[in-house]
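Please have a look at the sequence and the 3D structure below.

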Amino acid sequence: MRASDDYVPPQRSVLERILIRSWEYRRLRFWARLRIGAGFVLVGLGFITLVGGSFTPKAVVWAAFFLVLAALQLSVGYWYLAIDHRPFARRVRELERSRARLVDDSAARLRQIERDLHDGAQSQMVAVAMKLGLATKKLRSLTDGTGQTDLERVLELVDAAHRGAKEAITELRDLARGIHPPVLDQGLGTALATLAARSEVPVELVIDLTERPSAAIETIAYFCAAELLTNVTKHSGARHATLEVAHVPGLLRVRVCDDGCGGARVEERGGLAGLAERVGTVDGRLQVASPPGGPTVVTVELPSHA
Amino acid sequence: MRIVIAEDSAVMRAGLAEILADSGHEVAAAVGNAGDLLAAVAEHHPDAAVVDVRMPPGYTDEGLRAAIAIRRDHPKTGVLVFSQYIETRYTADLLGAASGGGAAGVGYLLKDRVADVEEFVEALSRVAAGGTALDPEVVTQLLRASRRTDGLGMLTARERDVLALMAEGRSNAAIAGILVVSDKSVEKHVGNIFSKLGLPPSDADHRRVLAVLRYLES
């Protein structure tokens with residue numbers, strides 16, 4: 001018996017729950033057909049009795065008896081068919097899991113964005129405002145003639161604020177790109193070319209895209225490629241990497257190979273596990289082949305439309 | 001004033017130290033997490049501590065908890081808590097600590113307020129002197145959340161303005177300056193507010209604040 005056979009859809013009547021746990025449910029389809037078959041046989045028997053018995057009262061009583069039995073068997077049989085959710089059970093569970101992953105994933109990403117904003121641009125801008133506030137105070141005391149002001153110091157403050165504002169702009173731009181890289185609007189190929197060009201390890205790009213995947217798939221593919229190339233730079237010590245993107249029927253395949261030290265694994269709470277989860281949200285798959293000593297090949301397969 | 005700064009962002013820490021030093025105050029220590037803050041306060045016995053709510057390791061409310069601990073263990077040290085957002089729960093915790101300890105010496109400001117250097121330093125001085133400094137945002141939230149709409153409804157618009165400023169921790173003179181009215185008319189408004197809300201009149205700034213807050217919270 002498969003695990004999914006245990007699946008009990010919520011909000012069932014007591015009767016249904018008893019039946020679902022019973023032996024009969026395991027062969028529900030068989031019993032449904034048997035009962036429906038028996039129902040039709042009983043209908044036939046009823047008519048034969050009626051016609052063959054020349055509509056005598058006795059024949060009518062028997063026929064009525066058969067037809068009642070037939071109605072019973074048919075209704076139970078069709079009811080069995082109606083409650084048989086097993087083919088969907090496994091899928092429902094998969095969807096429940098992937099939806100939970102999706103919710104966790106987006107919550108985690110929002111938290112990360114908030115953290116990045118809080119620690120980065122937001123703090124930076126407060127510091128800028130602080131410096132400008134201080135500079136204003138100093139300049140005011142100069143115009144009021146209430147105090148001596150070191151103009152060099154004011155210049156220093158304004159200069160520091162200027163630098164801070166520019167840093168904040170850079171941080172905001174990086175963050176915005178992390179949320180949705182604008183280059184992705186021009187297609188996955190262009191976006192991946194930009195990504196490959198930015199990589200510290202030389203990347204050979206092989207793109208074979210016959211049609212445009214849906215936007216969600218492009219985004220996931222892009223972030224997978226970005227993360228995998230970052231892994232190559234950070235962990236593999238590779239001198240060369242290949243990024244392949246290709247359409248295979250119904251699927252978009254992203255593959256990153258490197259000639260580094262290997263030994264990459266999908267570990268709980270690791271980067272690859274995070275990727276696998278994100279890929280799983282659209283029913284995609286992530287496979288890692290990375291023997292010690294390399295080479296490492298990570299393959300991500302995504303449905304081309306989701 | 002001798003001041004201890006606790007703020008995890010190095011940029012902000014340096015900026016705060018600069019502002020305070022420039023305003024003629026002594027920064028006894030500038031630390032980056034709650035544990036170091038408690039140690040620094042125990043070592044330096046500062047007049048006030050400026051504390052960021054979110055600090056390592058958990059980045060949740062470490063600073064707030066440290067602030068409450070400081071109010072409890074070092075009654076002479078005022079605590080000015082500041083953060084990027086005003087959280088109603090933090091306000092409640094802080095003010096609970098303030099009135100529970102029988103003294104004020106508590107402030108809660110948005111980080112943005114640091115940009116108005118003079119106001120920020122003034123708020124810090126108020127807290128160090130045992131007064132209160134609440135962000136206008138905190139006051140707005142309290143006014144909005146207040147279940148005591150009955151009494152508030154009886155106040156005139158001007159009296160509400162005065163009430164909000166009082167709740168921030170301002171003195172009569174400061175309120176007069178902000179609203180551009182005479183000290184006398186502020187006194188009259190304050191008297192009206194106290195009598196309409198049924199609060200005992202009092203002079204000390206922080207006691208006024210606590211009276212107002214207790215009224216708003218009850």
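## Before we start

This is a predicted model, where local features need pLDDT of at least 70, side-chain atom pairs count only at pLDDT 80 or more, and totals for chains, interfaces and linings use all residues. Residues are numbered from 1 along each chain as its sequence is written, while chains are lettered from A and ligands numbered from 1 in the order in which they are written.

## Chain A at a glance

Chain A has nine helices and five strands; helices (H or I, at least four residues) and strands (E, at least two) are DSSP runs, numbered from the N terminus. Follow the chain from its N terminus and you pass the elements in the order α-α-α-α-α-α-α-β-α-β-β-α-β-β.

Of its 306 residues, 24% count as buried. Here a residue is buried if 20 or more other C-beta atoms lie within 10 Å of its own, exposed if 12 or fewer, and partly exposed in between, with C-beta atoms placed from the backbone. Take the contacts in chain A between residues at least 6 apart in sequence: 68% of them join residues at least 24 apart. Two residues are in contact if their C-beta atoms, placed from the backbone, lie within 7 Å.

## Helices of chain A

Helix α4 (residues 57–83) of chain A has 27 residues. From first C-alpha to last it reaches 39 Å, close to the 39 Å expected at 1.5 Å a residue; the expected span is 1.5 Å times one less than the number of residues. Which residues of α4(A) are buried? They are A:A63, A:F66, A:Q73, A:G77 and A:Y80, and the buried residues of this helix pack against α3 (28–52) of chain A.

Further along, the axes of α8 (residues 215–236) and α9 (residues 271–280) of chain A come within 11 Å and cross at roughly 170°. A:I220, A:C224, A:E227 and A:N231 in α8(A) meet A:G271, A:L275, A:R278 and A:V279 in α9(A).

## Strands of chain A

Strands β2 (residues 241–248) and β3 (residues 251–258) of chain A run antiparallel and are joined by eight bridges; two strands pair if DSSP finds at least two bridges between them. A:T242 has A:C257 in β3(A) as its bridge partner. These two strands form a hairpin with two residues between them, and A:G250 in the turn has a positive phi of about 80°.

β3(A) also pairs with β5 (residues 296–303) of chain A, in the antiparallel sense and over eight bridges.

In chain B, six strands form an open sheet in the order β2-β1-β3-β4-β5-β6, with parallel pairing. β2 (26–31) and β6 (132–134) of chain B stand at the edges, each with a single partner strand, so one side of each is left without a neighbour in the sheet.

Inside this order, β3 (residues 48–52) and β4 (residues 78–83) of chain B run parallel and are joined by five bridges, and B:V51 stands opposite B:V81 in β4(B).

## Where the chains meet

How many residues of chain A are in contact with chain B? There are 13, touching 15 residues of chain B. On the chain A side, they divide into five nonpolar, five polar and three charged. (Ala, Val, Leu, Ile, Met, Phe, Trp, Tyr, Cys and Pro count as nonpolar, Asp, Glu, Lys and Arg as charged, and the others, Gly among them, as polar.)

Note on methods: Axes fitted to C-alpha atoms, helices over the stretch in contact; angles between N-to-C directions.
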